[in-house]
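Hi,

Here is the structure I promised to pass on. Have a look at it first, and then read my notes below.

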Amino acid sequence: MIEHTMFPVEDWSIHEKDFSFDLLAQTESLFALSNGHIGLRGNLDEGEPYGLPGTYLNSVYELRPLPYAETQYGSPESSQTVINVTNGKLIRLLIGDEPFDLRYGKIQSHERELDMRDGVLRRNVCWTSPAGRTVKVSSVRMVSFKLRSIVAISYEVEVLDAPSHIVLQSELVANEEQSGLGQDPRSTTAITPPLVSEEHLAHDTIGLLIHHTQASQLRIGAAMDHSIEGGAETTIASESSPDVARLTIATLLKPGERIRLVKFIAYGWSSERSRSALHDQVRAALSSAKMFGWDGLLAAQRAYLDQLWHSASVEIDGDPEIQQAVRFALFHTIQAGSRGERRQIPAKGLTGTGYEGHTFWDTEIFVLPVITLISPQPAASVLRWRHSTLDLAKKRAQLLGLEGAAFPWRTIHGEECSGYWLAGTAAFHINADIAYAVIKYIEATDDTAFEEEIGLELLVETARLWLSLGHYALSGQFRIDGVTGPDEYSALANCNVYTNLMAQQNLRAAGDAAKRHPEKAKSLAVDDAEIARWYDAAEKMHIPYNERLGVTPQAEAFTDLEVWDFAHTPPEKYPLFLHYPYFDLYHKQVIKQADLVLAMLLCGNAFTPEQKARNFAYYEPLTVRDSSLSACIQAIIAAEVGQLQLAYDYLGEAALMDLDNLEHNVQDGVHIASLSGSWMALVMGLGGMRTHNGSLSFAPRLPEQIERLAFRIQFRGRCLSVEVKATEATYRLLDGVPLIVKHYEDEITLSVDAVVTHPIQPIKVGPRPTQPMGRAPLERETRRKRRPTSRSTHRPSIMHSTRRHQE
């Protein structure tokens, strides 16, 4: 676990003030930069030492076989694995003939700062070589939001004590050695070497490499160019080989003199474009980058983030650590999706190789709901990517003997990559999850053109799946049997309530959308009879209920299973799936992650407030949170039922999942869904925000430690500001036409420049639920006292500004 004292609390930065070799792999993930298209792990400029080197391009993968001891019908024969592409961030330094390497010499000081306003990673080092020469090295690294193909690095060396020969080697390197890949099944599989050279060149300050992958046959281009400042007598030389392009700069510096290198790197890839076309593409991107220049790119980066922070602002008074953590969370969420442009959002973003770079249901249930309400366009882009894989999903459904589309549980390109049927293909809820994201995007944007072009077909084909997957029982109820819900410690369950409620919502939404767009529906062969069948299945969907216990079972007969022996499960045996056979887990009442509790959030109208409270109290003692996806959801429902201190504790766990390495695997990449979930825990939990049928409602309540929560959301072309205090909530419409929202059950009309304040309503609260032995969240009040605060004060609050930044 990362120590609390490692990162002092600062408003807009994650600031490492001391270097730790032991935590290098973890900090490489935390300090990763991305724009959704390119991802760079926070490796040191000089390349070594490293935990896991990483440069990624969204959707660039290699194929690997999936071997089975026995043939299994319908199981994929190969998987897709994210690969480390050409590394362009390497800048090696020699002082005299000694390489700058932190494993040798003496580190006088070392700081790294992830600046979440400027969107850069800064590094400042003072280092003395084994020969006694001291230099100061400063670098700033950026993955551009403005130019999505561009990475830029400013690298400066200053000699401090004696004249020194300085050599800089700026490189592009393909097929780097990969080490540090662990045995955790959530990690990845190494493929070495994945890239085959097609072209290499070096000329003046330019270098270029073009490769292709061996099996997936994707072509990748990387090019670099440079500008050099300082050094009275400087020589340069360039060279290339199949896997390396290098620019070498040599100079003599006196004490106080500096040399500065600005490096521009362009990336491109394609499954179809020719080598020469990709060559020209990356060269053209370099030209654009040099036209902007370093200062222009830096200014554009800040302007892009200023606009996003303006629309996505979240402010917390009373807990500066959570304030820092939620900004870190939003920064990585923004990075993961902003410029992917019709590509997936992997579970780890582009920060590491965890889960082999696959995207799961996390994207639609945890990430897109956040992006939709702070920056809708990237959310639409991801859904367009899902739509682009629809033919593959329909082909998969046909293979399984089903109608409609069966989207993959995990994938990069669109094919199913899960070799484990029970927790892969059987998790059919992924299809309703995609439909849910479509519904929520349309609700929040009123984007009717998107609904007609993209959303309707996704809703129709997933609805068709449910009709063929389910069946009518003799009782007349519609059942969906033999499926796996979000809780992966239960498999092949009959009538999993989450799956059934989400399928019900999917069926109704498909029918409603088809009626709104009859011509488009007709082109998809939808007729009135099919719509009627969707509505009928939805109306007769079986939702189990245990009258004796007064709770909703997670699935039919779930509450009849034996309860897991939590009292005799030692702490070191968690997560359970790494220490116990799945058979033992599957027939016990033990829950990996929120399942029925998640259904109460996403399908909240299916439960009364009393049912939610009883269900939450029942499932808390069974939920072990062996998934990073659970704490944020438990925080939201805890807040809804009035368990505010428990909600606060879960909020802390979700928000600090990566900064404190609570899952012990942040070295594989950050948990994008949990990071997004921390925003959900604040806005949907403590802010009580819900969207339903195109309307907004709020039921806010704060724990006593938080004095004020303020946030902004984008909704149907409007920017709305909400400020919650202990006794009142204030709503401001910052732009757009008047908007009707609900404060609890009261409708209020908001208009620009009008401020509406209403009191916080009390709630009747039962006893605080317990958790499995040893699995309660750490008390937030205890955790918050263990971390130093070094708050910057030069950044004023932006919540009270009613003027939007200009484009």
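In which loop does proline 49 lie? Proline 49 sits in the loop between β3 (38–40) and β4 (55–57). Before I go on, keep in mind that this is a predicted model.

That proline is worth a click for its backbone. The peptide bond leading from glutamate 48 to proline 49 is cis, with omega near -5 degrees.

For asparagine 661, phi is near 50 degrees, and its loop runs between α16 (644–655) and α17 (672–686). Are these two buried or exposed? Alanine 557 has a relative accessible area of 41%, so it counts as partly exposed. Asparagine 661 has a relative accessible area of 3%, so it is buried, as anything under 20% is.

Now for a pair of helices. Two packed helices are described by the angle between their axes and the distance between the axes. Here, the axes of α8 (residues 448–469) and α11 (residues 528–539) come within 10 Å and cross at roughly 60 degrees. That angle makes α8 oblique to α11. The crossing of α8 past α11 is left-handed. On the α8 side, the contact is made by Val460, Ala463, Arg464 and Leu467, while α11 brings Glu530, Arg533, Trp534 and Ala537. Sorted by class, the contact of α8 with α11 has five nonpolar and three charged residues, and no polar ones.

Last, the sheet. Which strands form it, and in what order? Four strands make an open sheet in the order β25-β26-β30-β31, with mixed pairing. At the edges are β25 (690–692) and β31 (746–750), and each pairs on one side only. Ignoring direction, neighbouring strands in this sheet are turned by 30 degrees against each other on average. If you zoom in on β25 and β26 (residues 695–698), you'll see that they run antiparallel and are joined by three bridges. As an example, histidine 692 has serine 695 in β26 as its bridge partner.

Note on methods. Residues numbered from 1 in each chain as written. Predicted model: local features only at pLDDT ≥ 70, side-chain atom pairs only at ≥ 80, totals over all residues. Heavy atoms only, no water. Pairing = 2+ DSSP bridges. Helix = DSSP H or I, 4+ residues; strand = E, 2+ residues; numbered from the N terminus. Axes fitted to C-alpha atoms, helices over the stretch in contact; angles between N-to-C directions. Parallel < 35°, antiparallel > 145°, perpendicular 65-115°, else oblique. Left-handed = near helix turned anticlockwise from the far one by under 90°. Contact = heavy atoms within 4.5 Å. Nonpolar A, V, L, I, M, F, W, Y, C, P; charged D, E, K, R; others polar. Buried < 20%, exposed > 50% of the residue type's maximum accessible area, 1.4 Å probe, protein only.
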